[in-house]
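Please read them with the coordinates open.

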Amino acid sequence: MHPHFDLLQAQTRRAFLRSTGQFSLGAIAAQALLARDASASPAAVNPLAPRMPHYAPKAKRVVYLHMSGGPPHLDIFDYKPELVKRDGQPVPEQFLKGKTFAFTTGLPKLMGTPRQFAQHGQGGIWMSDAVPNFHGIADEICVVKSMFTDQFNHTPAELLLFTGSPRQGRPSMGSWTTYGLGSENENLPGFVALVSSGTQPSGGQSLWGTGFLPSVFQGVQCRSKGDPVLYVSDPAGMDRELRRKTLDALRDLNEAQQRELGHPETATRIAQYELAFRMQTSVPEVMDISLEPPGVLADYGAKPGDASFANNCLLARRLLEKGVRFVQLFDWGWDFHGTNKNEDIRDGLSAKMRASDRPVAALIRDLKQRGLLDDTLVVWGGEFGRTPFREGRTSGGGVLGRDHFPDAFSLFLAGGGVKAGLSYGETDELGFSIIEKKVHVHDLQATIMHLLGFNHEKLTYRFQGRDFRLTDVHGHVVRDILL
Amino acid sequence: MKPHALTAICVLLAPPAQAADTPDFQREIRPILSNSCYKCHGPDAAERKGGKDGSGGLRLDTEAGARAALDGGVAIAPGHPDKSELVARIKESDPDELMPPPKSGVKLTSHEIGLLEQWVRGGAKYVKHWSYVKPRQPPLPEVTNKQWLRNGVDSFILARLEKDGLSPQPEADRLALARRVALDLTGLPPSPEEADAFLNDQTPDAYERFVDRLLASSAYGEHWARQWLDLARYADSAGYADDPLRQIWGFRDYVIRSFNANKPFDQFTLEQIAGDLLPNATDDQLIATAFHRNTMTNNEGGTNDEEFRNAAVVDRANTTMSVWMGTSFACAQCHTHKYDPITHQEYFQIFAFFNNTQDADRKDESPLHGYLGEEQQPQRAQWEAQLAGLGATPDPQKAAALRKQIDGLAKITVPIQRDLAPAQRRKTQVQLRGNYQALAEEVTEGVPAAFHPLPEGAPMNRLTLARWLVDEANPLTPRVIANRFWESIFGTGIVRTSEEFGAQGELPSHPELLDWLAGELLREKWDVKKHIRLLVTSAAYRQSSKVTPGMNERDPGNRLLARGPRIRHSAEMVRDQALAASGLLSRKMFGPPVRPPQPNLNLSAAFGGGLDWKNSTGEDAHRRALYTEWRRTAPYASLTTFDAPNREVCTLRRNQSNTPLQALVTLNDPVYLEAAQALARRMMASASTAAGMADHGFRRCLTRPPTALESQRLLALHDEALAWFKSRPDKATAFATLPLGAAPAGTDLPDLAAWTTVANVLLNMDETLMKR
C-alpha cells in the first residue's frame with residue numbers, strides 16, 4: 001500500500017463529510033479545489049464527480065438551442081392579426097415614449113407579418129409557415145410568448161440570458177449546472193458548446209465560460225470539423241500503442257515523485273493524464289456522426305464533415321446520450337434587420353429556417369423515441385425579440401426587417417418536466433407589451449435550475465466576499481408551465 | 001448563512017483558545033454577523049429591517065446600533081444574554097420569530113449560536129474591521145530555534161509553527177532552490193550553466209548573489225509584468241461582440257520597463273492613474289495612463305456610446321479599488337454596500353474622479369498618444385543634430401524639410417487618459433440601482449468616510465486620488481500589495497482572498513506578519529525588488545517542499561509554511577519553460593504582439609472579422625507567452641486551458657486547475673511537440689551515451705539530474721520507442737520532424753523519434769509543471 005494512502009483517504013473522507021453535511025455547494029467546490037491538493041483518490045473528490053441536486057430533478061440534462069441575433073417572433077409564434085390590419089400605420093405614440101431602439105428613431109411604421117399563421121396540435125399553438133417542421137412537434141413543446149429582457153443589444157442581452165448579468169465575468173448557465181451536478185461521464189466534458197454558421201455568438205466565449213467558478217466547470221467547445229476538442233488527436237507518428245507506453249513511463253516517474261515529496265496534486269495529475277488518454281478515444285467517437293444510420297442522418301439533414309447546425313443537433317443527442325449534462329448550441333444569422341435579402345422576414349427567414357427547423361424537430365422526435373425526452377430539457381430561442389414595426393434604417397427599402405425588441409419575445413421549451421402542447425403568456429394586440437404571465441430571462445433561468453433540481457437562490461458560489469448565483473438577486477420559477 | 005469550507009482552515013489557523021472563553025470578535029463573531037445578519041441589519045439603510053419605528057432599522061454592524069433601544073428591550077445587552085433580543089431570536093423555536101428567517105435560506109449552527117451567546121455574556125465588544133485600521137509594524141516575535149532565522153519573515157512563520165509544536169523543513173538542496181527561485185523571479189528555469197555556477201559557488205552568500213543576478217535579468221520584468229497585466233486587464237483587442245484589435249502594447253512594454261527599472265510602487269501608481277497630470281509628463285508617464293484605457297470599447301451598431309463610456313468609468317473605479325485596496329467596491333454601484341462601510345453615494349464620489357476624461361467609447365480609441373519607438377530614435381537624433389548643425393544662418397528650406405522629416409517618422413500610438421477642458425467637464429450624479437439613465441443627486445469627487453481623508457486643499461483630481469492610494473495613512477494599499485507579492489512567491493496570500501480585504505474576506509493566517517511586511521514596504525519606500533528579495537531569501541522560502549507525515553491532513557494548503565511552497569506554473573510559465581528547455585525560446589523583448597501557431601477555428605467574431613490568424617514566422621513564433629496577441633473573445637487556447645483569463649475585466653487571482661485538457665495541450669499541441677523535437681536533438685548532441693542524453697534532457701527541464709530509477713525508466717522508454725519506430729520508419733520521420741523540420745543529415749531518425757518520445761514525457765512530468 002502506498003505510504004500516504006491512509007492519510008489521503010482520511011483527508012478525502014473529511015472533505016466529503018464537511019461538504020455534504022451542510023450541502024453547501026460553495027463548500028464542495030472550494031473543498032474540491034482544496035482537496036485537489038489533498039487526495040490520492042481523485043474520483044472521490046473530483047469536482048466533476050456526479051452529485052445530487054437539492055431535490056429530485058425532472059430534467060437530468062439540458063440542450064439549449066440558441067438562435068443568435070433574435071429571431072422575429074412575430075413572424076414565427078406570436079400571431080397578431082390586428083398588427084396585420086394596421087400594417088403601414090404609424091406606431092401609436094404611447095408605445096414609443098421613453099423607449100430607445102438600436103437602429104430606429106423618429107416615428108416608425110407598424111408592420112404586420114407577411115407570413116401565414118395557423119394553429120397546430122391539440123393545444124392549438126399558433127405557428128407560421130416559416131417553421132413547417134415545428135408544426136409536427138406542436139404537441140411536444142411549450143411556447144412561451146411572454147418572454148422579456150432588459151437589454152436591447154446583442155452582447156449584453158446574450159450575456160444576461162446565459163450568465164444572469166449583462167456584463168462579462170459571471171459563470172454561464174452550463175457552468176453553474178456542472179458545478180451543481182458534476183458530470184456523469186468521466187470520459188467526456190460535462191458541458192459542451194457547439195457553434196454553427198461560421199460566427200461566434202455576440203457574447204463570445206463568456207456564454208460558455210466559467211466566470212469566477214473553478215475552470216473545470218468551463219464549457220468545452222467541440223468542433224464538428226478538425227479535432228473535435230483541441231489537441232485530442234495524437235500527433236503524426238504517434239499512435240495509441242506508443243502513447244500508452246509513454247503514459248506508463250510518465251506515470252512511473254510521477255509516482256516516484258509522489259513517493260519522494262508526498263504531494264497529492266501529483267496523484268491528481270496522474271489521474272488526469274489517464275482521463276486524457278481515455279478522452280482521446282471517447283471524444284472522437286462520440287463526435288463521429290458517420291456512425292449514425294443513414295436514416296437518422298436524413299432525418300436531421302446532417303452530413304458528416306459539415307460544420308452545420310443540423311450536425312450539431314445530432315451531435316447534441318449523441319453527447320446527451322453519453323451523459324453530458326449541458327449541451328449548448330449557438331447558431332449565427334438570426335438578426336433580421338432587413339439590411340440584405342438574407343435578413344428579410346419572408347424569403348430570408350424561410351431560407352434560414354430550412355436548415356434549422358428540421359434538425360430541431362428531428363432532435364425532439366429522436367429524443368422522444370429513445371425515451372430521453374422525459375428527462376431532457378430542450379430550449380429553443382433568441383436573446384430578445386423583434387419590433388412590431390419596420391427597422392428605421394431599412395424602412396424605405398424593399399427588404400422587410402425588424403429592429404431589436406427587449407419587451408417581448410417568444411421561445412419554446414420541451415421535455416424535462418415541462419407541459420407539452422401549451423402556449424403560455426400573451427402580448428397586446430399589436431405586440432408591444434406583455435399583457436399576462438410575464439417571464440423575465442431570470443425567471444427562465446430559475447425555471448431551468450428548478451427542473452434540474454436546484455433552488456436557484458441556493459445554488460451559490462462565494463466570490464470576492466459575496467455569494468453569487470445565476471439569477472443575481474432575481475428570478476421566479478414559472479410553475480404554471482411545469483408538469 | 002452556511003459556513004463555508006474555509007471555516008475548517010480558519011479553525012486550523014486560529015491560535016490556541018485563550019483562557020478566557022469570550023470569543024474573538026474579529027475572528028469568530030464578525031464573520032457570523034456579516035454572513036448571517038448584515039444583509040438586513042447592516043450598513044445599507046435601504047435594506048435595513050427591524051428596529052424601533054423611525055430608527056431607520058436595526059443595525060448590528062455597529063456597537064451603537066446593536067445597543068439602541070427596540071420596541072421593548074434591546075438587541076444586545078452586554079453581559080446579559082438573557083436580556084438580549086438577539087440571543088432570544090436566534091434560539092427561537094417559532095419559525096415566524098426565528099432569526100435569520102428560515103426563508104432567507106441562512107441558518108446558524110448550534111456552534112455559532114453558542115459563540116454569539118458567549119460573546120454577549122463576555123460584554124459584546126466591537127472592534128473596527130482589522131484591515132481598516134492602519135497597520136503598525138509589530139516587533140519581531142520571540143522564537144526558540146533562533147539559528148533557523150534568516151530575516152524578519154522567519155520570526156513570524158517560526159513563532160506560529162512553534163506555537164503549534166511544529167518545526168520547519170530543512171533547506172532544499174541547491175538545485176531545487178535554483179529552479180524554484182529562478183522560476184519565481186523570472187518565470188524561466190535557470191540554464192544548466194547558471195545552475196552549475198550557483199551549485200559550485202562556495203561563498204557564504206552564494207544564494208543571495210544568485211537571487212541578485214535573477215533580479216537584474218530582463219526576464220524578471222517580463223515575469224512580473226505578466227502578473228500586473230492581469231490586474232490591468234491588458235489585451236490587444238477592444239472587447240465586446242466584434243472585438244476589433246486595439247494597439248495598446250506600448251502599455252505592456254511600459255510595465256516591463258517599470259519592473260526592470262525597479263520603479264518604486266508609489267511612482268508606478270501615480271503614473272498609471274494620473275501620469276498625464278504630472279508636471280511635464282514624459283512619454284512613459286503618458287503611456288502609463290493606458291492602464292485605465294484597457295477598459296473595453298463597444299463598437300456594436302446601435303449601442304449608446306454614453307452607456308459604454310459609463311461602463312468603462314465604472315470599471316475604472318472598481319478596478320482601482322480592487323487592485324490597490326482589495327475592496328469589492330462594485331457592490332456599492334447599485335446600493336450601499338451590505339457588508340462594508342461604503343455608501344452608494346461614496347461610490348459615485350470615487351466614480352467622479354474618473355468621469356472627466358476625454359475618451360468616450362469611440363471606435364478610434366481617441367485620445368491617443370504617439371511616440372517614437374527605439375528604432376526611430378537614432379534617426380530622429382540624427383535629423384535633430386542636423387537641424388541644430390544648420391547653425392547661425394539656417395537655410396529655411398532645409399530646416400523646414402528636416403522638421404517635416406522628423407514629424408513624419410512613424411509613431412507608435414497608445415490610447416491614454418486626458419482630462420476634459422474645464423468648460424466641458426461632466427457632472428456626476430448618483431445612478432440609482434447602477435443605471436446610468438436613472439440619475440439622482442449630484443456628487444463631487446471624494447473618498448469614503450471610513451478611510452483616511454484626502455489632503456486638505458488638494459485639487460480634486462486623479463493625481464490626488466493616486467496619492468491617496470499610496471499615502472502612508474492608507475490602511476489597505478500596503479497590506480494588499482504586500483499580500484499580492486506574498487501570494488506570487490508562496491502560492492497563497494496571507495489573506496487567502498487576496499481580492500477581498502473587507503468584512504466578507506478571510507482573515508489573515510499571520511496578521512502580524514502581514515502588518516510587518518506592509519511596514520517594510522513603506523520603510524523601503526515601495527522598493528519592489530528589495531521586497532521580493534526579502535521574501536525569497538527567507539528561510540521559510542528556502543525550505544524543502546517535502547511533505548512530512550500528518551501535515552497534508554493538518555494543513556493541506558500549506559498556510560503555516562511547515563515546508564517550502566510547491567505550486568503549478570502559470571499558463572505563461574508552462575509555455576516559456578518548454579521553449580527554454582528545448583532551446584527554441586526567443587529572448588526578443590517588446591514590440592507588437594505575436595501570433596504563435598494555433599489551429600484554425602474557422603469562426604468569425606460577431607459582426608467582426610475572422611478569429612483565425614496567420615502564424616508569426618521566424619523568432620516571433622517562439623517569443624515568451626506575454627507577447628502573444630490577446631484577443632478577448634478568443635484568447636490563445638493553450639494559455640486559457642492553463643487558467644489564463646480573457647482579460648475582459650481585472651483578474652485578481654487566477655485558478656490553479658489540474659485538468660485532462662491540460663494534458664492534451666502539453667502532449668499534443670504542435671508547439672509542445674516541436675519543443676520535444678528540439679529538446680531531443682539537443683539531448684542527442686549533448687552526449688555520446690544514452691544515459692548521458694537522458695541526463696541532459698532531464699536537467700534542461702528540471703535543473704537537477706535524474707535519480708538512478710528515473711534514468712532507468714527513461715532509458716527503458718527510449719528502448720521501447722526505438723524498437724517501435726524501427727519497424728515504422730514513416731512514423732519515425734513524422735514524429736521526429738513535424739513541425740520542427742528536417743533533422744541534420746545523417747541523423748538516425750528512429751532514434752531521434754525515440755528521444756522525442758522521451759522529451760515529450762519530460763515536458764509532461766508533474767515536477768516539470770510545478771515549482772519544486
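**Notes on the predicted model**

1. Leaving aside residues up to four places away in sequence, Ala678(B) touches Ser582(B), Gly583(B), Leu584(B) and Leu740(B); contact requires C-beta atoms, placed from the backbone, to lie within 7 Å. Ala678(B) belongs to helix α28 (residues 670-686) of chain B. Helices (H or I, at least four residues) and strands (E, at least two) are DSSP runs, numbered from the N terminus. Between Ala678(B) and Leu584(B), 94 residues apart along the chain, the C-alpha separation is 7.2 Å. Ala678(B) counts as buried because it has 22 C-beta neighbours inside 10 Å. The scale is as follows: 20 or more other C-beta atoms within 10 Å of a residue's own make it buried, 12 or fewer make it exposed, and values in between make it partly exposed, with C-beta atoms placed from the backbone.

2. On provenance: this is a predicted model, in which local features need pLDDT of at least 70, side-chain atom pairs count only at pLDDT 80 or more, and totals for chains, interfaces and linings use all residues. Residues are numbered from 1 along each chain as its sequence is written, while chains are lettered from A and ligands numbered from 1 in the order in which they are written.

3. Chain A has 14 helices and 17 strands. Its radius of gyration, taken over C-alpha atoms, is 24 Å. The C-alpha trace of chain A spans about 80 × 50 × 40 Å along its principal axes. Buried residues make up 63% of the 483 in chain A. Of the contacts in chain A with a separation of 6 or more, 76% are between residues 24 or more positions apart.

4. Strand β11 (residues 409-414) of chain A is largely enclosed by the rest of the structure, because six of its six residues are buried. One side of β11(A) carries Phe409(A), Leu411(A) and Leu413(A), the other Ser410(A), Phe412(A) and Ala414(A), and both faces are covered.

5. Which strands pair with β11(A)? Pairing needs at least two bridges found by DSSP. Strand β4 (residues 141-148) of chain A runs antiparallel to β11(A), joined by five bridges, and Met147(A) has Phe409(A) as its bridge partner. Strand β8 (residues 376-381) of chain A is also antiparallel to β11(A), over three bridges; here Val378(A) stands opposite Ala414(A).

6. In the interface, 77 residues of chain B are in contact with 75 residues of chain A. Elements giving two or more residues to the chain B side include α1 (6-13), α27 (660-668) and α32 (749-762) of chain B. The most come from α30(B), with seven residues. By class, the chain B side has 35 nonpolar, 25 polar and 17 charged residues. Here Ala, Val, Leu, Ile, Met, Phe, Trp, Tyr, Cys and Pro count as nonpolar, Asp, Glu, Lys and Arg as charged, and the others, Gly among them, as polar.

7. Helix α29 (residues 690-702) of chain B has 13 residues and should span 18 Å at 1.5 Å a residue, which agrees with the 18 Å between its end C-alpha atoms; the expected span is 1.5 Å times one less than the number of residues. Among the buried residues of α29(B) are Met693(B), Phe698(B) and Arg700(B). Just after α29(B), Thr703(B) has a positive phi of about 70 degrees.

Note on methods
Contact = placed C-beta atoms within 7 Å. Rg over C-alpha atoms; globule rule 2.2 N^0.38 Å.
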